[in-house]
Amino acid sequence: MSPNLSIIGDGKKFMWDGQLYATKEDASRAEEAYRKDNFEVQSLEQDQKFLVYTRRVVKEVVVAAS
C-alpha cells in the first residue's frame, strides 16, 4: 500500500499524517485530537486501512526585524 502524501478536498490541500489506522474508531480518535489542535481534517479508507489527512491555515506571520 502506498498512500498519497496529499489530497485535495473542497479545493484545499491536505497532508497525510503518516499513520495507517486499523479501524475507523482509531482514525476518529486521531481526527478529534487534530481538531482540538485547530487542524482541518479529512479521512478516507484505502485497502481496508484508514488514513487521516490534515491541514492548518497560518493565521499570523511574525517577521523579525533585521
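Analyst: Buried means under 20% relative accessible area, and exposed means over 50%. Keep those cut-offs in mind as we look at this predicted model.

User: Thanks! Why is L51 called buried?

Analyst: L51 has 0% relative accessibility. Buried means under 20%, so L51 counts as buried.

User: Where is L51 found?

Analyst: L51 sits in strand β4, which covers residues 49-55. The C-alpha atoms of L51 and E31 are separated by 9.9 Å, and the two are 20 residues apart along the chain.

User: How do you know whether G9 is buried or exposed?

Analyst: Its relative accessible area is the value to check: G9 has 6%. The cut-off for buried is under 20%, so G9 is buried too. You can find G9 in strand β1, which spans residues 6-9.

User: What is G9 in contact with, leaving aside its neighbours within four places in sequence?

Analyst: G9 is then in contact with F14 and Q42. Contact here asks for heavy atoms within 4.5 Å.

User: Which residues form a nonpolar patch on the surface?

Analyst: V58, V61 and V63 do, with about 350 Å² of accessible area together.

Notes
Residues numbered from 1 in each chain as written. Predicted model: local features only at pLDDT ≥ 70, side-chain atom pairs only at ≥ 80, totals over all residues. Heavy atoms only, no water. Helix = DSSP H or I, 4+ residues; strand = E, 2+ residues; numbered from the N terminus. Buried < 20%, exposed > 50% of the residue type's maximum accessible area, 1.4 Å probe, protein only. Patch = residues over 30% accessible without salt bridge, like charges linked within 9 Å, V, L, I, M, F, W, Y side chains within 5 Å. Areas by Shrake-Rupley, 256 points an atom, 1.4 Å probe, with all protein chains shown as cover. Salt bridge = Lys/Arg side-chain N within 4 Å of Asp/Glu carboxyl O.
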